[in-house]
Each structure stands twice: as structure tokens, then as C-alpha cells.
Amino acid sequence: MAEITTVEVPTPRDTRATRDGVVGAALDALDGRTIWHINTTAVGGGVAELLRSAMSRHAEAGMRARWLVMNGDQEFFGITKQLHHLFHGSPGHGRPLGEGEFAAYERTTREAAATALTHMNPGDLVLLHDPQTLGMAPALRRAGMRVAWRSHIGTSFPGPEVTAAWTFLGPFLKEPLRCVFSLPDYVPPGLEPQRVAIIAPAIDDVSDKCRPMEDAEARGVLATVGLLGSPGPTNLGEGVAAYAGRRVTVWQDEPVPPGAPTVLQLARWDPLKDMAGTLTSFIRHIDPATRAHLILAGPDPADVADDPENMAVFDAVLRDRAALPADVRRRVHLVGLGLADDTAELRANALIVNALQRYATVVVQKSLEEGFGLAVAEAMWKGRPLVASAVGGIRAQVTHGVTGLLVDDPTDLAAFGRQVGRLLGDEALRDRLGRAAQDHCAPRYLAEREFRDHASLYLDLCGAPTAVGR
């Protein structure tokens, strides 16, 4: 039986959520209904971060919102990981998803829906996140829930892989009253326009991951983790030292020397994030004379239960680093950040990510595909100069030469290295791009805007005719 667990999120007092305008109208329309958000992990990955922020804002505004996590077995997550690849235009393992996979997906999501319904009342609103949960929609609709589905992934250049993914999920796609996408490019052909909503993801500017952080604090956090050899504040007051001692692993020959420039990629150990390609581009095409060090940081792959490929990707990168000549290897640092439900450890994890991004001389995102780059938005908000692949949502987020530098072909390692080297050698360009990126990000990609978009969706769902999809 597929399990459902409830995620409890403490409500901070400074989320800035308000009850005016569309939020007030949504509160009136909800009239006490509960809003249920359902995904497949409470920690690790962008959706979990979005929901942690969203739950706080919902509570601050007076909305009854709850977060449920559905769990599946290894077969289920293997199927949904293949769907993830297909939606990004990648062949994944290359084998078609057939009747057996469909039956396993349908069974797991149907069982999850049955368990979720024990928490709900007819008329409640349910927002399902990503392909893993879409199969829950039929049972939830039959029980009287007002269901929307939000897909956070996609590609701007759909081909046969994307078609195969929509074919697999087609029987379930007719059920939600509304289908929400990050970009118009990700909407499948034939979906009725009145059922489509566009909501770009966002970052939480008042969270520990994105709050302001002075240079001295960032250096102190990274020295505590062991990445920097220079001394930092000994009393950080945030539990970073305790968390780092238990849950953070750094693979390096020696710490980053004081004053050395750093290039950072922060991402899950997913094939489409291409951490291995970033490493290869750095060692082949970044002049050692820059004295730059590369930091590849991501969640501990053992902690990401809904992504079975993480460990294999991480192990491959670890082997690649170990095989480097000693003089090159000392400039490459890998960081694994353990994940936990514990509030203190989650805060410490977020502060380390914040410090990594603020300390970096250049932030990179060399994804092969990217539905929407949350790490890109975080770097932009922090005013960091950015080099990224011109794929998926990143193409909508970054304007080449204005708010960052883009590489048209993410497999062109030499071109990627040239752009990183260009930024490392031009402080004025770094400053100009960083300032423009922050100005661009502020009105578009912060959580208060996303919360108001959610409120508009709830208002729409409350008035939507319930016969859609029946």
C-alpha cells in the first residue's frame, strides 16, 4: 500500500503574506476549505523547497493549507524518473514504458489517493505536483475534490520523448480542473486553454537560503564546513557546526586558499544537471593561471529517495575527481549536504547553500535540460555573475549579456569554459551582470508573487465547474 505522510512546517513571522486583493478574495471563496499540496519528497529538490515556503505564507495569510508526501517503491520511482527524462526530451534508459509500467504507476497512485482521502473532506482543493502524483487525480475527483496538477518540468523543444510521456499520462491528464505549467512552452498540444494556468516557480527571499548574509558570515560558515582554510566567526549561532560535523561531507585535498576565485555549481546529482560535464569543462578549458577552484555541491544522494539515479551520478563524478592529477585535483572540491526533517538541520543546510552562492566568484548551471532553474534564480537574487546553458526555463530567466552569460549548446565544453574564464577575468563585467540579475529577479521570481498566483488559482478552482474531465 502506497503511504502518505504529513509534513509539518513551522510558520515564521516575517513571510510578508497579506490578505488584500486576490488573497482576500481567495480566502472568501475558500470559506474554510483546506488546500492540500501533494508531492513525493519533503526534503531535497526544488519542489520541496517551494512547498516549505508556500506553506508558511498560506498559514500567515489565514489559509488552511496542508502538505502531504506520497511514497512509492523502487519500481514506481524508476518509472517516474523515466518520465522525468522524457519530459526533458531525454531518452533516459531508452526502453518504452509499456502496459506493465502503466499498471504499476496506476496502482501506486490509486493507493496513495485512497490514503490521502482519509485526511480530506469533499470540496477541498488539491494541488498535485509533477508526474509522480498525477495518477491520483481520478480517485480524488470522484471523491469530490477540486483538483489541479502542477508540472514543474518540461522542454521548449518537444520531440518524440515528450510525446511518449504525454501518451503515458494521457488517461490521467483529463481529470484535473486546472493544469499549471512553469512556461507556456511546456503545455501539451490539445489541452483546453481554459484549463491551463502559468505560474513560474519562485524563491523565498526571507528564508535562510536567500536572506542577506555579510561576507564575514559566509566565510565563517564555509570555514566551519571545512571548505575554506581561513578563520571565520566561531559562534555562528545557527547550529552550522553541529550539522556540518554530522551531515556534511567534503571531498578535497586541501581547503580553498584565501583569496582564490571559486566557480560553483549547486545541483542535484542528476544526469541532466551534468555535474560531470562541468568538471570536465573546468579542468580542460579554465586556465590554471586564474587560480580558480571548482566547487560541485549537492544533496547527499543517499537522502533523495525519489531519485534512484543520484548515487550513480555522484559516484561517477567522485571517480572522475579521484583520477585527476594531484595539481588539478586540489582545485576541485565536492560537497555533499545531508538532508533531514529536523528544523535546525534544515536551517543549517540552507545557510551553507546561501554562503556557497554568496562566496562564489562565478555561479554556473550547465544543465542539459532545465524546467526552471531555482538555483539560477537564487544566484540572480544574490547578485552573482552567472554562466548557464540556454535550455528550458533558463532561457526565459536569463538574458545573455545583460543578466548573465548563456551557452547555446550545453554539450560544448570549450564554449562553456570560455564564458566562465571571461567572467573570472573581468570584475567589471561580473559586477554589471550581477546587479542587473538582481534587479531582474526581484519582481519576477520571489515567493510573494508566486503566493498571489496560487491565490488566483484557488479562486479559479473554487468557481470552476466540477464536470471538467468527467
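1. Let's start with Thr80, which has its place in helix H3. Please keep in mind that this is a predicted model. Is Thr80 buried or exposed? Its relative accessible area is 4%, so Thr80 counts as buried, the cut-off being under 20%. Leaving aside residues up to four places away in sequence, Thr80 touches Tyr105 and Gln132.

2. Together with Phe76, Phe77, Phe102, Phe168 and Phe172, Tyr105 forms one aromatic cluster. Across the whole structure, a search finds 13 aromatic pairs.

3. How are the rings of Phe87 and Trp166 arranged? Their centres lie 4.6 Å apart and their planes meet at 75 degrees, so this pair is edge-to-face, as angles over 60 degrees are counted that way. Phe87 belongs to helix H3 (residues 74-87) and Trp166 to helix H7 (residues 160-173), so the pair links distant parts of the chain, 79 residues apart. Both residues can be checked for burial too: Phe87 is buried at a relative accessible area of 2%, and Trp166 counts as buried at 12%.

4. Next, have a look at Trp149 and Phe181, which also form an aromatic pair. The distance is 6.1 Å centre to centre, with 90 degrees between the planes, and the pair is edge-to-face. Which elements hold the two residues? Trp149 sits in strand E5 (residues 146-151) and Phe181 in strand E6 (residues 178-181), so the pair ties together parts that are 32 residues apart in sequence. Trp149 and Phe181 are both buried.

5. A charge meets a ring elsewhere in the model. Lys366 has its charged end over the ring of Phe416, at 5.9 Å from the ring's centre.

6. Finally, please turn to helix H14 (residues 374-381) and helix H17 (residues 427-441), which pack with their axes 7 Å apart and at an angle of about 115 degrees. That angle makes H14 roughly perpendicular to H17. Which residues meet here? From H14 come Ala377, Met380 and Trp381, and they meet Gly434, Ala437, Gln438, His440 and Cys441 of H17. By type, the residues of this contact divide into 5 nonpolar and 3 polar, with no charged ones.

Conventions:
Residues are numbered from 1 along each chain as its sequence is written. This is a predicted model: local features need pLDDT of at least 70, side-chain atom pairs count only at pLDDT 80 or more; totals for chains, interfaces and linings use all residues. Side-chain values use heavy atoms; hydrogens and water are left out. Axes are lines fitted to C-alpha atoms, for helices over the stretch in contact, and angles run from 0 to 180 degrees between N-to-C directions. Helices (H or I, at least four residues) and strands (E, at least two) are DSSP runs, numbered from the N terminus. Angles under 35 degrees count as roughly parallel, over 145 as roughly antiparallel, 65 to 115 as roughly perpendicular and the rest as oblique. Contact means heavy atoms within 4.5 Å. Ala, Val, Leu, Ile, Met, Phe, Trp, Tyr, Cys and Pro count as nonpolar, Asp, Glu, Lys and Arg as charged, and the others, Gly among them, as polar. Rings of Phe, Tyr and Trp (its six-membered ring) pair if their centres lie within 6.5 Å; planes under 30 degrees apart count as stacked, over 60 as edge-to-face and the rest as tilted. Buried means under 20% relative accessible area, exposed over 50%, partly exposed in between (1.4 Å probe, protein chains only). A charge sits over a ring if NZ of Lys or CZ of Arg is within 6 Å of the ring centre and within 35 degrees of the ring normal.
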